[in-house]
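Student: Can we go through how some of the helices pack here? I'd like the cut-offs as we go.

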Amino acid sequence: MSVEFTFNIKKIPFNEDYTPSDSTRLTTNFANLARGEHRQENLRNVLRMIDNRFNSLAHWDNPNGDRYSVGVDIISAEMRIKSEGKNECFPLIEVLNTSIFDRKDNKCIPGIVGNNFSSYVRDYDFSVLLLNHNKDLSEFRTPDRFGDLHGNLFKCFINSECYKAHFRKMPVICLSVSSNRTYYRTRNHHPVLGVEYEQREFSLTDQYFGKMGMKVRYFMPENASAPLAFYFFGDLLSDYSNMELISTISTMESFQKIYRPEIYNSNSPASDCYQPSLKHQDHSVTRIVYDREERSQLAIAQGRFTEESFIKPYQDVLEQWSAQYSV
């Protein structure tokens, strides 16, 4: 069976007027913030948080702490599938692309693409496939080749002409550390990323991103409460400028303070030997409304949608393609 994948990219500004489109994944965190009666106040507040954090980290030649403003675009990648007379489009992933406006020099500086990461196929893998596989097992196990298809689809996208036409560099994804792992502070300290942490066993998310071809390092920036997990290609420390890295830190740390305040808005910073916990009580809550329970429920619904509209109709084609795929 022959199959051809092509990609299309759509860009939507994430600002105080942002409204989720019909094609946006409902579980996408920033879409969650943009619903309800407090939607515009939510958006205005999170954008202010991002700007303030950026200026606190980019403090040189910035005496008033207001030199920079961060722009955020939502990048939606659609995949068109051509196979045996079928020609259909399926939403693949959503990421964020940052840019920095320098008010002093009146210029725009490119940021980093990636940051947040949303994927229909990942919803299926974690909220449908993984749950069904473990339903009657006495101990947790992952299915054979878990994450292989998703990883190959992602690598196919970032190596496509479509991706290269829109972005100068490979993506960096910045997520929360895992609440079932312990992280250990090292002596390594980066001027922007902060102190580096290590762990002795990769989490399931780390392994999943490994299938996407991405490595991971953990850093806790200055004045942060907990380390962030940075997934990347190449060399995180030398492939990106300080301003690019700060744009990712300021964006994703702000989101994490809203999504996981127990970890990222804790009133005390991570210790040398640190295990994150969503049951940690000594934390502050932002004024931004976010429905964490709704997000969990929608992940299952969208995983089932992926199963019915993508996995089942193309299962044989996808398995054959993935088994033969190489970058």
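Tutor: Helices (H or I, at least four residues) and strands (E, at least two) are DSSP runs, numbered from the N terminus. This is a predicted model, where local features need pLDDT of at least 70 and side-chain atom pairs count only at pLDDT 80 or more, while totals for chains, interfaces and linings use all residues. Residues are numbered from 1 along each chain as its sequence is written, and side-chain values use heavy atoms, with hydrogens and water left out.

Student: OK, at what angle do H4 and H11 cross?

Tutor: Roughly 70 degrees, and the axes of H4 (residues 148-158) and H11 (residues 315-324) come within 10 Å. That makes H4 roughly perpendicular to H11 (angles under 35 degrees count as roughly parallel, over 145 as roughly antiparallel, 65 to 115 as roughly perpendicular and the rest as oblique).

Student: Which residues make the contact?

Tutor: From H4, Asp148, Leu149, Asn152, Leu153 and Cys156; from H11, Leu318, Trp321 and Ser322. Contact means heavy atoms within 4.5 Å.

Student: And is H4 itself buried or exposed?

Tutor: Nine of the 11 residues of H4 are buried, so the helix is largely enclosed by the rest of the structure. Buried means under 20% relative accessible area, exposed over 50%, and partly exposed in between, with a 1.4 Å probe and protein chains only.

Student: New topic, leucine 57. Where is it found?

Tutor: In helix H2, which covers residues 39-57. Leucine 57 is buried, at 8% relative accessible area.

Student: What is leucine 57 in contact with?

Tutor: Leaving aside neighbours within four places in sequence, leucine 57 is in contact with Glu222, Ile246 and Ile249. Glutamate 222 is 165 residues away along the chain, yet the two C-alpha atoms are separated by 7.7 Å.

Terms used:
Axes are lines fitted to C-alpha atoms, for helices over the stretch in contact, and angles run from 0 to 180 degrees between N-to-C directions.
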